[in-house]
Amino acid sequence: MTLAPATETTDSGHRGTDRHFLMCRPEFFTVSYSINPWMHPERATDTAKALRQWESLRQAYEGLGHTVSLIDPIEGLPDMVFAANGALVVDGRVYGARFAHPERAAEGPAYLRWFTERGYETLEASFTNEGEGDYLTLDEMILAGTGFRTDVAAHMEAQEFLGRPVVTLRLVDPRYYHLDTALFPLDGRNVAYYPEAFSEGSRKVLRRLFPDAVIATSADAEVLGLNAVSDGHNVVVNAEATGLILELKRRGFEVVPVDLGELRKAGGGPKCCTLEIRPSREIR
């Protein structure tokens with residue numbers, strides 16, 4: 001059902017894997033309400049432009065050898081394009097989303113239904129959480145955000161269901177309301193992040209866990225440069241995050257810049273549009 005990852009070693013020494021992503025076309029995208037500091041309903045949005053930018057993102061993934069599946073958009077759910085928020089999929093098991101705001105509440109059941117209809121083992125969440133928006137998966141742990149959208153109790157529920165250690169990180173800046181706006185995994189062992197988005201204690205945890213992390217500047221964070229997707233070698237990132245792009249290249253990553261300026265009006269970037277479907281793996 002899900003695709004087994006094909007691993008390859010690149011000249012840079014980074015290991016890239018073919019990924020399976022779930023995405024949703026922004027056919028009904030607009031900003032008609034405000035549930036984060038990026039959203040201003042009084043500003044015009046261009047749905048056709050959002051579609052073109054989203055299509056470029058999908059083509060970028062497919063050009064890198066990744067598989068993209070699609071979920072049908074639902075009229076009246078303009079943020080459904082942000083597929084990352086719809087669930088968390090680890091080892092072929094799907095932990096469903098329970099959204100914090102009523103405007104997005106119907107998205108959780110819609111995404112869970114997509115997986116259920118395809119035979120995945122699923123869990124309907126008992127606690128508020130917004131999927132991969134606040135859960136980022138590495139080889140041996142899941143980093144989990146809280147502070148704005150996801151309850152700490154959901155971290156424990158996810159850990160029990162998925163059998164992976166979950167590390168709680170507290171977000172403190174409302175501009176970075178999801179973990180995936182302030183941090184992204186470079187590969188299964190290291191991350192890039194913006195320290196000021198986190199509480200003091202969480203910054204200490206990140207320094208301890210990832211002493212060689214890429215540290216982003218405020219300029220890169222403010223264009224949602226950390227809402228990026230890496231396969232371990234190629235990094236799909238907002239083109240405006242110029243400092244971050246230079247550092248990624250210095251570290252040996254191949255950078256794929258994209259323009260998602262229209263979707264950023266709702267606080268979204270490449271990762272927001274991308275829910276990873278991780279296949280089962282044998283636990284030894």
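**Sheets, helices and salt bridges in a predicted model**

Ser230 has Val235 of strand β15 as its bridge partner. The model is predicted, so local features need pLDDT of at least 70 and side-chain atom pairs count only at pLDDT 80 or more, while totals for chains, interfaces and linings use all residues. Residues are numbered from 1 along each chain as its sequence is written, and side-chain values use heavy atoms, with hydrogens and water left out. Helices (H or I, at least four residues) and strands (E, at least two) are DSSP runs, numbered from the N terminus.

Strand β15 covers residues 234-238 and runs antiparallel to β14, with two bridges between them. Two strands are taken to pair if DSSP finds at least two bridges between them. Both strands belong to an open sheet of three strands, in the order β14-β15-β16, and the pairing in this sheet is mixed. β14 (229-230) and β16 (254-258) are the edge strands. Each has a single partner strand, so one side of each is left without a neighbour in the sheet. Helix α6, residues 242-250, packs on the sheet and touches β15 and β16. Contact here means heavy atoms within 4.5 Å. The direction of α6 makes about 170 degrees with that of β15. Such angles run from 0 to 180 degrees between N-to-C directions, and the axes are lines fitted to C-alpha atoms, for helices over the stretch in contact.

A hairpin is formed by β5 and β6, with two residues between the strands. The strands pair in the antiparallel sense over four bridges. Val90 stands opposite Arg93 in β6. Asp91, in the hairpin, takes a positive phi near 55 degrees. In a regular strand the side chains alternate between the two faces of the sheet. In β5, Ala87 and Val89 point one way, and Leu88 and Val90 point the other way. All four are buried. Buried means under 20% relative accessible area, exposed means over 50%, and partly exposed lies in between (1.4 Å probe, protein chains only).

Helix α3 spans residues 152-162. Its buried residues are Ala154, His155, Glu157, Ala158, Phe161 and Leu162. Seen down the helix axis, they fall within an arc of 165 degrees, so they line one face of α3. The arc is that of the directions from the helix axis to the C-beta atoms. These buried residues pack against six strands: β5 (87-90), β6 (93-96), β7 (121-123), β8 (135-137), β9 (142-146) and β10 (166-170). Gly163 follows α3 and has a positive phi, near 70 degrees.

Thr146 lies in strand β9. Thr146 is buried, with a relative accessible area of 5%. A polar atom of its side chain lies 2.6 Å from the backbone oxygen of Thr150. Residues up to four places away in sequence aside, Thr146 touches Asp151, Val152, His155, Thr168, Leu169, Arg170 and Leu171.

Met141 sits in the loop between β8 and β9. Met141 is also buried, at a relative accessible area of 18%. Neighbours within four places in sequence aside, Met141 is in contact with Leu136, Pro165, Val167, Leu209 and Phe210. The C-alpha atoms of Met141 and Gly163 are separated by 9.6 Å, and the two residues are 22 residues apart along the chain.

Side chains of opposite charge can pair when their charged atoms come close. A salt bridge is counted where a side-chain nitrogen of Lys or Arg lies within 4 Å of a carboxyl oxygen of Asp or Glu. The count comes to 23 salt bridges. One of them joins Arg19 and Glu276, with the closest N and O atoms 3.2 Å apart. This pair links distant parts of the chain, 257 residues apart. Arg19 is in the loop between β2 (15-17) and β3 (20-23), and Glu276 is in strand β17, residues 275-276. Both residues are buried.

Arg251 forms a salt bridge with Asp212, the closest N and O atoms being 3.5 Å apart. This pair also links distant parts of the chain, 39 residues apart. Arg251 lies in the loop between α6 and β16, and Asp212 in the loop between α4 (200-209) and β13 (214-215). Arg251 is partly exposed, at 24% relative accessibility. Asp212 is exposed, at 52%. Glu247 forms a salt bridge with Arg251 as well, with the closest N and O atoms 2.9 Å apart. Glu247 is partly exposed, at 21% relative accessibility. Elsewhere, salt bridges that share partners join Arg19, Glu132, Lys271, Glu276 and Arg278 into one network.

Key: A polar contact is a pair of N or O atoms within 3.5 Å; within protein, one must be able to donate a hydrogen and the other to accept it, and residues adjacent in sequence count only if both atoms are side-chain atoms.
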